[in-house]
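Here is a short tour of one protein chain and its ligand. Keep the sequence and the 3D view open as you read.

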Amino acid sequence: MIAVTDQFIQKQLKEVIECVNIDGKTKLVSLVKKVKPIDPLIFYRNGTKEFSHQRFFWQDPDRTFSLVGLGYTHIISTERHQDRFHYIEKEWKRFIDRDVICMGDIPSGTGPLLFGGFSFDPKQDKDTRWNEFSSGKFVVPAYLYTVKGGEAFFTANLLIHPTDETQKYNHFFEEKEKQLFQLNGTPRVQEELSHIISKHEVEPDLFKQSVQEATNRIKREQIEKVVLARQLDLFFNEPLKKDVILERLTKEQPTSYVYTFDSKGYSFIGASPERLIKRSENNVFSTCLAGSIRRGYTLREDEELGQQLLADEKNLIEHDVVVHMIKEAMIENCTDIQLPKGPSLYKTKHIQHLYTPVKGVIRDGVTLFSFLEKLHPTPALGGFPQKKALEVIRELENFERGWYAAPIGWMDMKGNGEFIVGIRSGLLSEQEATLFAGCGIVADSDPESEYEETKIKFNPMLSALGGVDHVTH
Ligand SMILES: C=C(O[C@H]1C=CC=C(C(=O)O)[C@@H]1O)C(=O)O
Ligand SMILES: [Mg+2]
């Protein structure tokens with residue numbers, strides 16, 4: 001990539017403004033500059049005042065790739081049921097082709113990138129708290145900070161209107177960079193969290209009954225697996241400090257993706273260990289993650305529990321259903337598929353899972369979004385067969401999942417990107433949080449143990465919110 005200087009940017013901007021003035025059409029101009037790396041959480045925090053209702057954050061488990069967006073310059077949103085994946089992709093392509101001007105070379109993960117997600121099931125009854133999270137909602141950030149390996153980039157996606165004058169943008173880029181990259185203050189993680197004043201498990205008995213009902217149906221009907229979820233409501237003594245919560249999540253969940261999407265006073269936030277699909281050029285990567293056991297208190301106990309999980313028939317069935325479905329989707333959309341013979345273990349701070357990574361080379365014409373559509377929901381979040389499982393979920397769960405257990409992620413101009421499933425998550429508002437956790441139910445599931453499993457799955461968010469003691473391994 002060429003070294004972009006502030007003078008270069010100023011000159012380029014001037015030219016674009018002149019073109020837009022003549023053309024009479026608003027354009028989005030994307031400027032990318034290589035910058036000195038800072039902690040992405042600082043960039044997020046620096047946006048608190050100006051952009052608190054329009055921010056997103058994403059970090060890979062190995063913390064070598066981060067995206068932080070501030071301000072939503074362009075939004076593509078839909079409440080469609082059917083072709084929502086296709087609709088977003090089509091609108092994105094149209095926007096890029098018609099309305100975007102890029103300056104110089106745009107490295108992957110920078111520039112006019114799309115970040116957002118889909119709801120789990122647009123056919124579930126609606127709950128107003130998910131109003132800001134439609135069945136498909138994606139944003140192009142006004143300012144984007146990207147960290148890739150040791151390199152860092154600052155992108156400004158500016159909307160230039162035909163009436164704009166060049167002077168308006170004099171030193172604009174430099175000033176924004178100074179404002180958003182300032183390194184002052186102490187690390188927020190040391191600040192006190194808001195206190196939980198009450199905790200409410202939403203209908204735990206109903207959850208256990210639903211698990212029982214699901215196992216009956218699995219034994220009776222043409223259905224192998226259904227994932228059922230429940231909620232935990234938390235109330236706080238003062239407004240939640242989202243940057244502190246995010247910082248705690250990144251520190252406490254080192255083997256998980258950490259993500260948040262903030263919109264008008266609501267934040268969907270979590271630490272998910274589960275990749276749905278990643279595309280890098282023609283290579284695609286997916287993950288089968290299902291089947292769980294708690295972590296041990298000692299190293300020895302932890303290893304024993306891991307071995308127990310690897311040999312447990314009920315969990316192996318839960319896992320195999322996912323492997324089977326993802327493998328079929330890979331065969332349809334990829335060549336050169338690599339799939340290990342059996343699962344290994346994936347450990348996060350509070351739980352260990354059966355884990356099978358898959359990779360392949362994408363076939364011509366298959367896009368990240370078309371692949372997503374094929375995969376969502378995998379039997380790790382929905383069940384199998386997919387359609388039947390969704391019907392059972394609609395019937396047995398009495399709340400809207402919204403973006404919980406659904407794809408959340410990013411895609412750049414070249415079609416590269418990554419989506420995970422929004423689990424180990426919560427929806428935060430001013431002084432309240434609702435956490436979500438679910439379990440794969442198969443014929444041999446026991447309601448009490450599935451209930452215990454959901455308790456463990458609440459822990460990543462609960463701990464980041466100050467609700468459980470820290471367990472170290
Ligand atoms: C649905 C969730 O987890 C899924 C992912 C991994 C293991 C799972 C399980 O063992 O049941 C679930 O399928 C959740 O965390 O809410
Ligand atoms: Mg399970």
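The report below moves from the core to the ligand, then to strands, annotated sites and backbone details.

## Model and core

This is a predicted model. Its largest nonpolar core has 125 residues. Val226, Leu228 and Leu372 have the most contacts inside that core. Strand 6 supplies the largest share, with 8 residues. Domain 1 (6–189) and domain 2 (191–464) both contribute, so the core lies between them. As a general rule, nonpolar side chains tend to be buried together in soluble globular proteins.

UniProt, in an unreviewed entry, lists residues 207–457 as "domain: Chorismate-utilising enzyme C-terminal". That span is 35% helix and 36% strand. Its end C-alpha atoms lie 15 Å apart.

## Around ligand 1

Which residues are closest to ligand 1? They are Ser292, Ala380, Ile423, Gly438 and Gly440, within a shell of 19 residues. By class, the shell holds 10 nonpolar, 5 polar and 4 charged residues.

## Paired strands

Strand 2 (residues 54–59) and strand 3 (residues 65–78) are antiparallel partners, paired over 5 bridges. Trp58 has Leu67 in strand 3 as its bridge partner. The hairpin of these two strands has 5 residues between them. There, Arg63 takes a positive phi near 60 degrees.

Strand 3 also pairs with strand 6 (residues 136–148). These two run antiparallel and are joined by 12 bridges. Tyr72 stands opposite Pro141 of strand 6. In general, side chains alternate between the two faces of the sheet in a regular strand.

## Annotated binding site

The "binding site" annotation in the unreviewed UniProt entry covers Glu318 and Glu453. They span 136 residues in sequence, yet their C-alpha atoms are not more than 13.6 Å apart, so they gather at one spot.

Glu318 lies in helix 9 (residues 313–333). Is Glu318 buried or exposed? Glu318 is buried, because 26 other C-beta atoms lie within 10 Å, and 20 or more is the cut-off for buried.

Val20 sits in helix 1 (residues 6–23). Val20 is buried too, with 20 other C-beta atoms within 10 Å. Now look across to His350. Val20 and His350 are 330 residues apart along the chain, and their C-alpha atoms are separated by 54 Å.

## Backbone details

Two cis peptide bonds deserve a look. One runs from His376 to Pro377, with omega near -10 degrees. Pro377 is in the loop between helix 10 (368–375) and strand 17 (383–384). Another runs from Phe384 to Pro385, with omega near -5 degrees. Pro385 lies in the loop between strand 17 and helix 11 (386–396).

Positive phi values come next. Glu203 is not a glycine, but its phi is positive, near 40 degrees. Glu203 is found in the loop between strand 8 (196–201) and helix 6 (204–220). Glu203 is partly exposed, with 14 other C-beta atoms within 10 Å.

Glu281 is not a glycine either, and has a positive phi of about 55 degrees. Its place is the loop between strand 12 (275–280) and strand 13. Glu281 counts as exposed, because it has 11 C-beta neighbours inside 10 Å, and the exposed class takes 12 or fewer.

Terms used. Residues numbered from 1 in each chain as written. Chains lettered and ligands numbered in written order. Predicted model: local features only at pLDDT ≥ 70, side-chain atom pairs only at ≥ 80, totals over all residues. Near = placed C-beta within 6 Å. Nonpolar A, V, L, I, M, F, W, Y, C, P; charged D, E, K, R; others polar. UniProt positions renumbered as here; feature names shortened; annotations may be inferred. Helix = DSSP H or I, 4+ residues; strand = E, 2+ residues; numbered from the N terminus. Pairing = 2+ DSSP bridges. Core = buried A, V, L, I, M, F, W, Y, C linked by C-beta atoms within 7 Å. Domains from an automatic or database assignment.
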